[in-house]
Amino acid sequence: MISLQISCEGGSVPADQQVSVSYVDSLYKQADQLKASSNIDAALHTNFRALRLIEYRSDSTYSKILRQRIILFGNKRPLDSALHYSNKLLFAHHKSKDSSGMADAFYLKAFYFNKNRQMDSALFNGYQSVELYKQLKDSSKVYSRSRLLTLILQTIGNYEEAELTAIESLNYLKENSANNEKRSSIYNDIALITKMRGNFNEALYWFNKALQLSSNKEYQNNIKNNIAITQIERHNYKKAFDILTELRADSIFDFSKELRYKSRILNNWALAKSKLGHPDAEYYLLEALAMRKQNNIAYRLNGSYVNLAEHYADRSDPKAVKMASLAYETAKTYNNPDDQLNALSILVETAANPREYAMQYIELSDSIHKVRERNKNHYAKIIYDVEHNRQENENLKAKAIIQELEVTKAESRNIILTLIVIIILGGGYLFYRNQIKKHKREKEAAAYQAELYISKKVHDEVANDVFNLLTRIQKDTLNPSFKPILLSDIDKLYRKTRNIARDYSDVLVGTDFPETLKELLSNYNNDGSRVLSKGVKEIPWDDLIENKQRTLYRILQELLINMKKHSEAGLVMLNFQKVGNQLVVEYSDNGIGMTVENIENGHGIKNMEQRLEGIDSKIRFDPSSASGTKATINIPI
């Protein structure tokens, strides 16, 4: 049952599902290509086809398709669909307990709430995203998501928290050249915030730090433009004019096709000219306005209307009222109270009947103050709630850990008891095995001593007696025709007994074993047969204990004796190899071979098998070999 469950849950994906995932990936890439060519509707249609194929799944492919859908809807108005699918993505990641995915979903919600001017929701989700990435210790994401949170705080007028958030994000960037551009962008953010708070000298400090770190020419020009605007705020019009003149002379300005960049530099340069009393300032201010009307972005149009209003107000030109009114109406379209206040302040100064505008100014100013105080309190509450929830979660986790520790202690006691039983049983089993091995070694030693004893007896008594008999017969007078035959037979008997004594004499093992082995093989090299060996020098013989060396010698000796007596082989090949922790010896000859009956019933083979069993080794014969005998010996090293 267990193996069945594993095969069902952890096995390979069915072929039809693999095709589906592959097809979904192709649709994902196709939707991306359509988005790159600004064909958002077609991209959404392709994405929907992919989503429909996997909408009941909850893996990374589903999340990827869902995220793509959010980005695509983010290019269309209204943003309700982008926010709807952001909620679905958050739910999917929450269900799978994917904290990184949840942090990303919070970020997407914050981004589109901010884009939709739903600032309370943007603030809540932006803070959640940053805090989750902090818990995950994802430094790069803390930095990038903190920039959105800084922007949201800046937009709602909570400049103190915006500045603190921007400065804190610096702690998540290492001070090295790879992060220079990122640090520069944070310095620029801090400078803009301090400028909005009216701290112009501090703003210039941060702008200059940003400028020193950046190596991007266009970004450097943007920072210089910000410095110039700050100098205008400080009434240093000449400094501002010189900076902006330098920017207009830059090739980037001449060749830039981006009207947003060109119109911004031109508008600010023309304002500096206006403040310096240049007569052509109006011409360039109107030129910048014409550029901005081509893109028709409300807050950029507002900047041109305000600069023209100031230009006309400085010259007591009635057109100041018209431009300030346009600035005020434009600011209302994108709901920016600061820009509305700025336009109203010009109207109070220039209108024929300023009372109405003054009352609006006071009312709006009070409203802004109340809203910003509420926003500060709201942000403080968000921080408290998130921290409180996090603390509660940590407390719950701590309680769960304590409970788990108690369960673990109980389990540990059981495990210890189980281990004690296993150790006792295992120790008993190992003792039993050692006793058996010891008994085997004693039997092998006894067998070896018996072999030596037989060898000595054969040599000292039988061979000597045969030799004495041979000597006597040579001296005695026998039948002349029978004496040579008898002498020949007795001589053969003498040689056999001498060979037996030699074969079962002591074997030199240890460091001398390779030479002992070489001598054994050379003894069977003669005109009738050749014994070849391979790999003897590569074997670490020192790793093979003496008992195993002695057994291997006897096995090879037995094989060679059988070859000499029975196989009629002219060539023998012995291949020595170390395979893992095994010594493998492959024997082959070109003799008459062996039958299954020979292998099963042969006394010599049984002797070899019994010898090898004593050292936990094996020999295998190949009865299927059509040409000669083949055997493989495996001995653990």
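Me: Where is Pro78 found?

Reply: Pro78 sits in the loop between α4 (60–73) and α5 (80–95). Helices here are DSSP runs (H or I, at least four residues), numbered from the N terminus. The peptide bond joining Arg77 and Pro78 is cis, with omega about -5°.

Me: What should I know about the model itself?

Reply: This is a predicted model, where local features need pLDDT of at least 70 and side-chain atom pairs count only at pLDDT 80 or more, while totals for chains, interfaces and linings use all residues. Residues are numbered from 1 along each chain as its sequence is written, and side-chain values use heavy atoms, with hydrogens and water left out.

Me: What is the average pLDDT of the protein?

Reply: The average is 85, and 84% of the residues score at least 70. pLDDT is the predictor's confidence in each residue, from 0 to 100. Over residues 1–19 it stays under 50, and the model has 4 contacts for them beyond four places in sequence (a contact means heavy atoms within 4.5 Å). Where pLDDT is low, the predicted coordinates should not be read in detail.

Me: How many aromatic pairs are there, and why is the one of Tyr107 and Phe111 called tilted?

Reply: The structure holds 11 aromatic pairs. For Tyr107 and Phe111, the ring centres are 6.3 Å apart and the planes are at 40°, so this pair is tilted. The rule: rings of Phe, Tyr and Trp (its six-membered ring) pair if their centres lie within 6.5 Å; planes under 30 degrees apart are stacked, over 60 edge-to-face, and the rest tilted. Both residues belong to helix α6 (residues 99–115), and being 4 residues apart there, they are separated by about one helical turn.

Me: How do you know whether Tyr107 is buried or exposed?

Reply: Buried means under 20% relative accessible area, exposed over 50%, and partly exposed in between (1.4 Å probe, protein chains only). Tyr107 has 17%, so it counts as buried. Phe111 has 34%, so it is partly exposed.

Me: What makes Tyr187 and Trp206 a tilted pair?

Reply: Their centres are 5.5 Å apart and their planes are at 35°, so tilted is the word. This pair links distant parts of the chain, with Tyr187 in helix α10 (residues 180–196) and Trp206 in helix α11 (residues 200–213), 19 residues apart. Tyr187 is buried at 8%, and Trp206 is buried at 13%.

Me: Which residue lies over the face of Tyr107?

Reply: That's Arg145, at 3.7 Å from the ring centre. The test is that NZ of Lys or CZ of Arg is within 6 Å of the ring centre and within 35 degrees of the ring normal. Lys64 lies over the face of Tyr28 too, at 4.6 Å from the ring centre.

Me: Which residues of α9 are buried, and why are they on the same side?

Reply: In α9, the buried ones are Tyr159, Ala162, Glu163, Thr165, Ala166, Ser169 and Leu170. They cover an arc of only 160° around the axis, so they share a side of α9; the arc is that of the directions from the helix axis to the C-beta atoms.

Me: Why do His235 and Asn296 count as exposed?

Reply: His235 has a relative accessibility of 56%, so it counts as exposed. Asn296 has 57%, so it is exposed as well. Neither is a glycine, yet phi is positive: near 65° for His235 and about 55° for Asn296.

Note on methods
Helices (H or I, at least four residues) and strands (E, at least two) are DSSP runs, numbered from the N terminus.
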